[in-house]
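Subject: Handover of a structure and findings

Dear colleague,

Please find the structure below for your files. The findings follow directly after it.

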Amino acid sequence: MVRIEEKQGTMVPSSMPQQQNPLQQLQAKFKEVENGFRAWLSKQPLPVEATVVTTTGAAQGAAIGALMGTLTNDISSSLQTPPQASLNPQAMASFKQAQALSGGPLIQARNFAVMTGVNAGISCVMKRLRGREDVQSSMAAAFGSGAMFSLVSGMGGPNQAANAVTSGLFFALVQGGLFQLGQKFSQPPVEDVNYYRTRSMLNSLGLQNYEKNFKKGLLTDSTLPLLTDSALRDVKIPPGPRLLILDHIQRDPVLKEKQGHRG
């Protein structure tokens, strides 16, 4: 809101302080409460923390499962249970797996509540006991959640124990792969200290695309005072950029001093 004030015969706009976006205020408040809750929970005994984390994870999974069950309700209603005698055990197991994956809201809420609750609980216990969250802890939690999901959902068929182990192993392998992939992409690339000055020079000249040429020819920072036109030509740098690079080296007092010492 802008208010017009008159000062010595001149109309001067006066800016009033704008109110903060209510949505941003709500997000900040929620973040503050969440951080406070996490800080309080980390100080509780392990059984209390594991119970709260498991319950919270189960509630989140139940909500997701109920939503999925609502979306797949039409599919589940079309799956009529056939007579037990008309199907062999393998076919009946396949039918139960289809029912488990396309059940109604209550069935899916139960299945996902167990899966996410067990995963969150085991992850919490492993992190507290081992003091860190790594791929082993993640795979152990995934194995437990996969095995319990198989048992609760009825996907195991006649041999539930074996299928629970198989499902747990499958969940663990998938989770382990995703964890390692996430770690790889979340870590920032390590800069090569041998090309720090070279990278800075190329960026200042707008020639950062030729950094790969320097690396291909092993033209590190220590070789900058020795660079010649022929050396740059050997790494396939065009004439224009070569002139800019050599001129920069001649003007750089540090590199010029090193050239004098070598001379």
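A nonpolar patch on the surface is formed by Phe-37, Trp-40 and Val-48, which together have about 280 Å² of accessible area. Patches are made of residues with over 30% relative accessible area and no salt bridge, with like charges joined within 9 Å and nonpolar side chains (Val, Leu, Ile, Met, Phe, Trp, Tyr) within 5 Å; accessible areas come from the Shrake-Rupley method with a 1.4 Å probe, and for residues only the protein chains shown count as cover. Phe-37 lies in helix H1 (residues 22–42) and, at 39% relative accessibility, counts as partly exposed. Here buried means under 20% relative accessible area, exposed over 50%, and partly exposed in between (1.4 Å probe, protein chains only).

Please note that this is a predicted model, in which local features need pLDDT of at least 70 and side-chain atom pairs count only at pLDDT 80 or more, while totals for chains, interfaces and linings use all residues. Residues are numbered from 1 along each chain as its sequence is written, and side-chain values use heavy atoms, with hydrogens and water left out.

The secondary structure of the protein chain comprises twelve helices and two strands; helices (H or I, at least four residues) and strands (E, at least two) are DSSP runs, numbered from the N terminus. Of the 263 residues of the protein chain, 28% count as buried.

Salt bridges number ten, each being a side-chain nitrogen of Lys or Arg within 4 Å of a carboxyl oxygen of Asp or Glu. In one of them, Arg-128 meets Glu-49, with the closest N and O atoms 2.2 Å apart. Arg-128 belongs to helix H5 and Glu-49 to helix H2 (residues 46–71), so this pair ties together parts that are 79 residues apart in sequence. Arg-128 is partly exposed, with a relative accessible area of 33%, whereas Glu-49 is buried at 13% relative accessibility.

Another salt bridge joins the side chains of Arg-199 and Glu-211 (3.0 Å, N to O). Arg-199 is in helix H8 (residues 196–205) and Glu-211 in helix H9 (residues 211–216), so the pair ties together parts that are twelve residues apart in sequence. Arg-199 is buried, with a relative accessible area of 15%, and Glu-211 is buried at 16% relative accessibility.

The aromatic pairs come to four. Rings of Phe, Tyr and Trp (its six-membered ring) pair if their centres lie within 6.5 Å; planes under 30 degrees apart count as stacked, over 60 as edge-to-face and the rest as tilted. Phe-112 and Phe-149 form an edge-to-face pair, 6.2 Å centre to centre with 70° between the planes. Phe-112 lies in helix H5 (residues 105–130) and Phe-149 in helix H6 (residues 135–153), so the pair ties together parts that are 37 residues apart in sequence. Both Phe-112 and Phe-149 are buried. Phe-149 also forms a tilted pair with Phe-171, 6.3 Å centre to centre with 35° between the planes. Phe-171 lies in helix H7 (residues 160–186), so this pair ties together parts that are 22 residues apart in sequence. Phe-171 is partly exposed, with a relative accessible area of 24%. Ring pairs link Phe-112, Phe-149, Phe-170 and Phe-171 into a cluster.

Finally, Val-235 is located in the loop between helix H10 (229–234) and helix H11 (239–251). Val-235 is buried, with a relative accessible area of 13%.

Yours sincerely
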